[in-house]
Amino acid sequence: MTDCGCEKARQDLEEYLRNEVCKTEHADIREHLETCASCRDEALVSRTLTDVIARACKETAPEELKNMVLARLRDAQVSHAATR
């Protein structure tokens, strides 16, 4: 394996974290992250942010908020239909 370097690791970091790179590239980036603290830190931030967003997307909105959004959408549809 060859160390891919910071530029390549950072360019493909998101795909690497989602396991969307080929096995060779995955191994090269993993090896780079093991030896480069700066890129490893960036990968940790990206992974943490992705995990936080994923958890937030699993949460459901309160029923009151859902009803308020739906009411505003209906109002917007009625207003749009009236201007036609």
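**Cysteines, helices and overall shape of a predicted chain**

A search through the whole structure turns up zero disulfides, a disulfide being a pair of cysteine sulfur atoms within 2.5 Å. Cys 6 is in no disulfide, and its nearest cysteine sulfur, that of Cys 36, sits 3.7 Å away. Cys 39 is in no disulfide either; here the nearest cysteine sulfur is that of Cys 6, at 3.7 Å. As for how much of each is covered up, Cys 39 counts as buried, at 1% relative accessibility, while Cys 6 counts as partly exposed, at 33%. (Buried means under 20% relative accessible area, exposed means over 50%, and partly exposed is in between, with a 1.4 Å probe and protein chains only.)

A quick word on where these values come from: this is a predicted model, in which local features need pLDDT of at least 70 and side-chain atom pairs count only at pLDDT 80 or more, while totals for chains, interfaces and linings use all residues. Residues are numbered from 1 along each chain as its sequence is written, and side-chain values use heavy atoms, with hydrogens and water left out.

Turning to the fold, the protein chain has five helices and zero strands. Helices here are DSSP runs of H or I with at least four residues, strands are runs of E with at least two, and both are numbered from the N terminus. Read from that end, the elements go α-α-α-α-α. The radius of gyration is 22 Å, well over the 12 Å that the globule rule gives for 84 residues, so the chain is more spread out than a compact globule. That radius is taken over C-alpha atoms, and the rule is 2.2 Å times the number of residues to the power 0.38. Along its principal axes, the C-alpha trace spans about 65 × 30 × 20 Å.

Buried residues make up 18% of the 84 residues in the chain. Among contacts (heavy atoms within 4.5 Å) with a separation of 6 or more, 63% are between residues 24 or more positions apart.

Helix 5 covers residues 63-82 and includes Met 68. Met 68 is partly exposed, with a relative accessible area of 41%. Between Met 68 and Asp 12 there are 56 residues in sequence and 41 Å in space, C-alpha to C-alpha.
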